[in-house]
Amino acid sequence: MLTVRSRRTALAVVAAAGLFGTVAVPTAAQAADAKRHKTVNLQLLAINDFHGNLEPPAGNSGTIKEIDPATGKEVSTPAGGIEYLATELRKARVPADDSITVAAGDIIGASPLTSALFHDEPTIEAMDKLGLDVTSVGNHEFDEGARELLRMQEGGCHPTDGCYEPGRTFKGANFNYLSANVTDEKTGKPLLAPYWVTKSQGVKVGFIGVTLEGTPNIVTAEGVKGLKFANEVSTINKYAAELKAKGVNSIVALIHEGGYPASSVYNYDCGAAGQGVSGPIVDIAKKIDPAVGAIVTGHTHNAYACSIPDPNGVPRSVTSAASFGRLFTEINMKLDRTTGEIVRPSVKAENHVVRRTVEKAPDLTALVDHYAKLAAPISGRPVGYIASDINGRGSSDLEKPLGDVIADAQLAGLAPADKGGAQVAFMNPGGVRSDLVHKASGGEGDGVVTYGEAFTVQPFTNMMQVKTLTGAQLIQLLQQQVSGSNAAAPKILQVSSNLHYTLDMRKAGADRVVLDSVRLNGAPVDPAATYRVAANEFLAGGGDGFPAFAAGTDKLVGASDLDVFTAYLSTHSSAAAPLQAPAQDRIKIIGPGADID
């Protein structure tokens, strides 16, 4: 096994921090030119959107789709878990001339209880053990605000909860967090370093890290308070020019933004010229300075290893390794010793499945067991019973069974007059982080839902709100799922059982909502009437592109979404009468529908 490089010492040159402290096909001429220069080999191993999934993710969220070579059919393979990921990465590093492990954000945030209970310190420790060198920030790195993100980098005990074990202080990440496009709105200085420079066999290599410009739209206002988020392309191009001026000509971009491949198979290559992938990353990749030799992406939780043309029309590697540690991307390339550049035709990228058939890494097993034992008194408590799997994150449907359950729970918890008098409830699909799985995860027994499992589904503990909206605003809310900032990538809200309507996906924008189909408690919605609407505080504040929520009045703040969810499971299920999966008959879909998150 190769020795892991030190990420804060002599080998690395880190840019000044600020605020608080796939495969390209070479032409004959390009191949001939490559032979004239001496090159060195560099391997990148990349992950993204790990979200604190130290233990193997459960249900469909813990599988990867691949083609069975025996039958030629698409199958789902169990994948993920930090113990297996560490083993696979360590195995992959062995043949490399030099190897750097990178990530494209959301390493923490929206995490299961084993990590989240300790403010994701266990995941930072795990990433150090498996050898992560550098990552961009993602939107979920801001879930607890900028100061908490800085604590993740620099260390120290939590300002409220303190240290979790006597005599032990959190050391912070040994890897480098990059936030090139995140600045203090008063000083204009970067929150964290915009780039990181290291050497590979004498050749300087620079990594620029950005999160998506739209982070403030998908994170609570408190999480991004005092920060500005700049355009991804202009930021990367700015720092690429700065790196070149400093003699760094091998440049890689780590971007927490991604795309939607046409195939769900884990190693999809996106076809000729990247035509089989859509979404924000396509336009971004086409505009990034050609000096950037490879692009590692994330955010959409999809898997692909594509080539997308740069501004000069030259193919460039753009990759994503799904999420939750189920895949890693191996990117091999050559660096020109003379020019210091990445030899673009040499870049070859491939995703690999993190199968649970390999041996577990003993040091990561010890880490997971340690924190799981500390969390067990809380995480193992039963809160409900289910008759079968109820899929949420793992569902490819626009209306997800677990999304329906959560919306029903929110309506039930907030319908009483003294709780807000809610008449309908909405849940954002991105807030459903996992599935409820019937098979026991521990010793609790099949069909038993533990607090830890419920927490994995609803990890944000957002406070619930009830607001008054007019009928016209309620209709606008439905239309905003498929228009405005959500026109290109619809965000279909999960709704309580008393709301029904039709979406015609053959149409465009707001016209996709069939107006005369909208029924609340069986009656048409009156545009002039008022309705009490329940949602979590993120959604109620207009998050995810729903300004109609923010326009609501007479706000009442209720219990947390997690408390409402667990209370519903407890009161609506028992061992004798477990909760059944809903029928998914609230939203009628006409035309094509896809899971867009």
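Strands S18 (residues 327–336) and S19 run antiparallel, joined by six bridges. Leucine 327 sits opposite valine 353 in S19. Helices (H or I, at least four residues) and strands (E, at least two) are DSSP runs, numbered from the N terminus.

Ground rules. This is a predicted model, with local features needing pLDDT of at least 70, side-chain atom pairs counting only at pLDDT 80 or more, and totals for chains, interfaces and linings using all residues. Residues are numbered from 1 along each chain as its sequence is written, and side-chain values use heavy atoms, leaving out hydrogens and water.

Now the whole sheet. Six strands form an open, mixed sheet, in the order S7-S6-S5-S2-S18-S19. Pairing takes at least two DSSP bridges between two strands. S7 (176–178) and S19 (348–353) are the edge strands, each pairing on one side only.

Next, the core. Which residues touch the most other members of the largest nonpolar core? Ile82, Leu85, Met127, Phe142 and Tyr177, out of 48 residues. Such a core is a set of buried Ala, Val, Leu, Ile, Met, Phe, Trp, Tyr and Cys residues joined through side-chain atoms within 4.5 Å. H2 gives the most, six residues.

Methods: Buried means under 20% relative accessible area, exposed over 50%, partly exposed in between (1.4 Å probe, protein chains only).
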